[in-house]
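Let's take a walk through a protein together, starting with the whole thing and then zooming in. Keep the 3D view open as you read.

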Amino acid sequence: MRAAVAIAQNLQDPLSCLQVKDVPDPDQQLGWTTVQVKASSLNMHDLWTLRGVGHDPKNIPIILGCDVAGVTEDGREVVVYPVIADPDAGFGDETLDPNRNLLSESHDGGFAEYISVPARCVLDKPAHLSFEEAACLPVAWSTAYRMLFTQGQVQAGDRVLVQGASGGVASAAIQLASAAGARVYATSRTAEKRELALSLGASEAFESGARLPERVDVVIETVGEATWAHSLRCLRPGGAIVIAGTTSGTSPEADLGRIFYNQLRVLGSTGSTRTEFARMLRVVEQMKLRPTIDRVLPLEQIHEGFAAMEKGESAGKIVIKL
Ligand SMILES: NC(=O)c1ccc[n+]([C@@H]2O[C@H](COP(=O)([O-])OP(=O)(O)OC[C@H]3O[C@@H](n4cnc5c(N)ncnc54)[C@H](OP(=O)(O)O)[C@@H]3O)[C@@H](O)[C@H]2O)c1
């Protein structure tokens, strides 16, 4: 089968380490099932793997791609929960299993014609979505769901700031928070992307770093260094910043004085449990939400997609159609 494979890692030139090539079909394992991949979407995680950040070099070569929508051998249209972990090892929360891993970390990922995954990871695709749309959900939308509702405890009427509005996680957070009845403020670096944020349900959209009309209860942060100071300034006393990513860098000034004086809560968030994933799918189906797709590309043009993601040129998810 054809697949996009990380064959090496290079911090300066990650895309030179990605090759589309013929590979053997996946092996069958007890308790695992094969899915014919119809679509898979790009995540920053794939770029981090190619850069050699947070990914063990001994797992190279590996097929990239954490997001899968496809069809099972018995014809079910499905999406794949992307975390491979043992809930018991995480005291009931598989995101806390010290040995958890995401598809494409220790097991081949979804930029391929077929993928083998644990049977528990296969859930029904929301019926109103195409495979391309459904392939945007697994990582970005379940991460956003956990950030908002588990870690951030967002409720109807809360005020939520989403930084870097056009990103995969961020755009999902705008839609989910708005569907839950929160008042959503969003920031983005371009006017076009701020328009996108408004179309997704944000009440108002601002340039990165701009003063908001009021302080917020929760900030959804995936940008990191470039927006951290602003995120802290925007919180009401006692508010929470939920952080799941650091696209622009990992080491901003901590501003510890502001954190203790205003009794701010800084909460990390990674992935989602299978239960959160299933609830996210239910919200998407119930509210007829649709992920924002920047572009759909064939597997052979995957480098073009990653180049756009690397330059921050995309608005919404970049999808590979298999
Ligand atoms: N912990 C987890 O489980 C988890 C899951 C998914 C993703 N992540 C991480 O979360 C981050 C976002 O992932 P993603 O897939 O949503 O990425 P993405 O789609 O590429 O979005 C990144 C967003 O960050 C903003 N941004 C980037 N550089 C910026 C800068 N210098 N200043 C201001 N804004 C900037 C951009 O927003 P604008 O262009 O709109 O300004 C961009 O849309 C990544 O670091 C990823 O590794 C973590």
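Predicted model: local features only at pLDDT ≥ 70, side-chain atom pairs only at ≥ 80, totals over all residues.

Here is a short tour, from overall shape to a single sheet.

If you follow the C-alpha trace along its principal axes, the protein spans about 55 × 40 × 40 Å. How does that fit with the chain length? A compact globule of 322 residues would have a radius of gyration near 20 Å, and this protein has 19 Å, so the two agree.

Of the 322 residues, 53% count as buried, which here means under 20% relative accessible area. The accessible surface is about 13800 Å², and carbon and sulfur atoms make up 48% of that. As for charge, there are 30 positive and 39 negative side chains, with the centres of the two sets 6 Å apart.

Take the contacts between residues at least 6 apart: 70% of them join residues at least 24 apart.

Time to zoom in on one sheet. Strands of a sheet pair through backbone hydrogen bonds, either parallel or antiparallel. Here, 3 strands form an open sheet in the order β2-β1-β4, with antiparallel pairing. Which strands stand at the edges? They are β2 (18-22) and β4 (62-63); each has a single partner strand, so one side of each is left without a neighbour in the sheet. Strand β1, residues 2-6, pairs with β4 over 2 bridges. To spot this pairing, find Ala-6, which stands opposite Ile-62 in β4.

Conventions:
Residues numbered from 1 in each chain as written. Heavy atoms only, no water. Rg over C-alpha atoms; globule rule 2.2 N^0.38 Å. Buried < 20%, exposed > 50% of the residue type's maximum accessible area, 1.4 Å probe, protein only. Contact = heavy atoms within 4.5 Å. Areas by Shrake-Rupley, 256 points an atom, 1.4 Å probe, with all protein chains shown as cover. Lys, Arg positive; Asp, Glu negative; His and termini not counted. Charge placed at Lys NZ, Arg CZ, Asp CG, Glu CD. Pairing = 2+ DSSP bridges. Helix = DSSP H or I, 4+ residues; strand = E, 2+ residues; numbered from the N terminus.
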